[in-house]
Amino acid sequence: FSECVKSHTISITNDERSWEKYYAFVLPNTFQQSFRISSLRGVLAPRGGASNACDASKPYSDSAHITIELIVDDHATIAGGEVLLVVGTEAEIWRYELNVE
């Protein structure tokens, strides 16, 4: 993150053969208020996606796009600190180091 780049988007994909709930959060908790996450939680369809019986034109996705946005102007309070975006399901965890300049 920098003065010019205030947000980033990541993609996660379910490799399991079952529906998986996912959760996203920032660690350590002291930095939670400095970022906005577009999708704090959701459900991923089984690997390969799943058909929608109610509307065949809108299948369920096995992936999700999560956007994280820096919402504080004073980067000095975060810069140099170890901050992580953590996204996880019961079966898998993704960790992204957030660098603030």
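What follows is a short exchange about how some residues of this model are labelled.

Biologist: What kind of model is this, and how are residues numbered?

Modeller: The model is predicted: local features need pLDDT of at least 70, side-chain atom pairs count only at pLDDT 80 or more, and totals for chains, interfaces and linings use all residues. Residues are numbered from 1 along each chain as its sequence is written, and side-chain values use heavy atoms, with hydrogens and water left out.

Biologist: Why is Glu-16 called partly exposed?

Modeller: Its relative accessible area is 33%. Buried means under 20%, exposed over 50%, and partly exposed is in between (1.4 Å probe, protein chains only). So 33% makes Glu-16 partly exposed.

Biologist: What does Glu-16 touch, leaving out residues up to four places away in sequence?

Modeller: Pro-46, Arg-47 and Ala-91. Contact means heavy atoms within 4.5 Å.

Biologist: How do you know that Asp-62 has no salt bridge?

Modeller: A salt bridge needs a side-chain nitrogen of Lys or Arg within 4 Å of a carboxyl oxygen of Asp or Glu. For buried Asp-62, the nearest side chain of opposite charge is Arg-47, 7.2 Å away. Lys and Arg count as positive, Asp and Glu as negative; His and the chain ends are not counted. The side chain of Asp-62 does reach the backbone nitrogen of Gly-48 at 2.8 Å.

Biologist: The structure holds 2 aromatic pairs. What makes Trp-19 and Tyr-60 one of them, and what is its geometry?

Modeller: Their centres are 5.5 Å apart, with 75° between the planes. Rings of Phe, Tyr and Trp (its six-membered ring) pair if their centres lie within 6.5 Å; planes under 30 degrees apart are stacked, over 60 edge-to-face, the rest tilted. Therefore this pair is edge-to-face.

How values were computed. A polar contact is a pair of N or O atoms within 3.5 Å; within protein, one must be able to donate a hydrogen and the other to accept it, and residues adjacent in sequence count only if both atoms are side-chain atoms.
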